[in-house]
Amino acid sequence: MPRPLLAIIGDGTALPGSPAYEAAFEAGRAAVEVGFRVLTGGLGGVMEAACRGARASARYRDGDTVGLLPGHDPRAANAYVDIAIPTGLGHLRNALVAHADAIVAVGGGAGTLSEIAMAWIHDRIVVALEIAGWSGELAGLRIDDRERFPDTPDDYVIPATSGTDAIRQVVATLAERASRQTTG
């Protein structure tokens with residue numbers, strides 16, 4: 001049975017030691033601990049931190065980190081990507097990243113904003129860390145008024161306070177949705 005994909009998106013310029021980098025590292029590690037593969041845009045900052053964190057998990061297996069690169073060269077991937085997929089799509093690759101089973105946003109600028117919006121449009125669960133950047137701006141808000149999940153009238157971008165909390169939120173929301181589908 002394939003393991004679900006969790007996209008960790010955010011600030012591509014975040015440096016080690018910064019709140020965004022450390023939160024993404026924590027989210028990547030926690031994601032693999034609970035059975036996800038980690039999908040990113042494959043480059044630096046939050047993307048590197050998430051893949052690095054995934055590899056730090058005691059449950060890490062080869063193939064747990066996937067990078068959908070914007071360019072044509074697989075060598076552009078950060079050192080912690082197991083599977084580098086060069087798309088040649090530039091920022092359009094964000095729509096592919098947004099098709100993961102769930103999304104965790106960590107800070108970020110316009111690229112992250114596009115991924116959050118695409119994930120919202122495609123009915124993905126979106127969890128956003130309450131830190132500087134678009135994740136902090138959108139945490140706790142609805143992106144628009146569309147009804148994405150008929151059984152969830154209070155649908156919104158789910159806020160999280162840490163990388164570990166973000167993964168807890170994803171797991172709880174996926175379990176709640178699965179429960180509603182089997183009992184509804």
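Q: In this predicted model, what share of the contacts between residues at least 6 apart in sequence join residues at least 24 apart?
A: The share is 65%.

Q: How do I judge the radius of gyration of the protein against a compact globule?
A: Start from the chain length. With 184 residues, a compact globule would have a radius of gyration near 16 Å. The protein has 15 Å, which agrees. The C-alpha trace spans about 45 × 35 × 30 Å along its principal axes.

Q: How many of the residues count as buried?
A: Of the 184 residues, 45% do. The exposed surface comes to about 8500 Å², and carbon and sulfur atoms supply 56% of it.

Q: Which residues of helix α2 are buried?
A: In α2, residues 46–56, they are Val46, Met47, Ala49, Ala50, Cys51, Gly53 and Ala54. An α-helix has 3.6 residues a turn, so residues three or four places apart point the same way.

Q: What do the buried residues of α2 pack against?
A: Their partners are two kinds of element. The strands are β1 (5–10), β2 (37–40), β3 (65–69) and β5 (102–106). The helix is α1 (19–33).

Q: How many salt bridges does the whole structure hold?
A: A search finds six. One of them joins Asp82 and Arg55, at 2.5 Å from N to O. This pair links distant parts of the chain, 27 residues apart. Asp82 sits in the loop between β3 and β4, and Arg55 in helix α2. Arg55 is partly exposed, at 33% relative accessible area.

Q: Where does the pair Asp165 and Arg168 lie?
A: Both are in helix α6, residues 163–183. They are three residues apart, so about one helical turn separates them. Asp165 is buried, with a relative accessible area of 12%.

Q: Is Asp144 buried or partly exposed?
A: Asp144 is partly exposed, at 24% relative accessibility. Its salt bridge is with Arg146, at 2.7 Å from N to O. Arg146 is also partly exposed, at 37%.

Q: Which side chain of opposite charge is nearest to Arg93?
A: It is Glu115, 5.0 Å away. A salt bridge needs nitrogen and oxygen within 4 Å. Arg93 is buried yet has no salt bridge. Arg93 lies in the loop between β4 (83–86) and α3 (94–97). Residues that Arg93 touches include Gly41, Leu43, Met47 and Thr87.

Methods
Residues numbered from 1 in each chain as written. Predicted model: local features only at pLDDT ≥ 70, side-chain atom pairs only at ≥ 80, totals over all residues. Heavy atoms only, no water. Rg over C-alpha atoms; globule rule 2.2 N^0.38 Å. Buried < 20%, exposed > 50% of the residue type's maximum accessible area, 1.4 Å probe, protein only. Contact = heavy atoms within 4.5 Å. Areas by Shrake-Rupley, 256 points an atom, 1.4 Å probe, with all protein chains shown as cover. Helix = DSSP H or I, 4+ residues; strand = E, 2+ residues; numbered from the N terminus. Lys, Arg positive; Asp, Glu negative; His and termini not counted.
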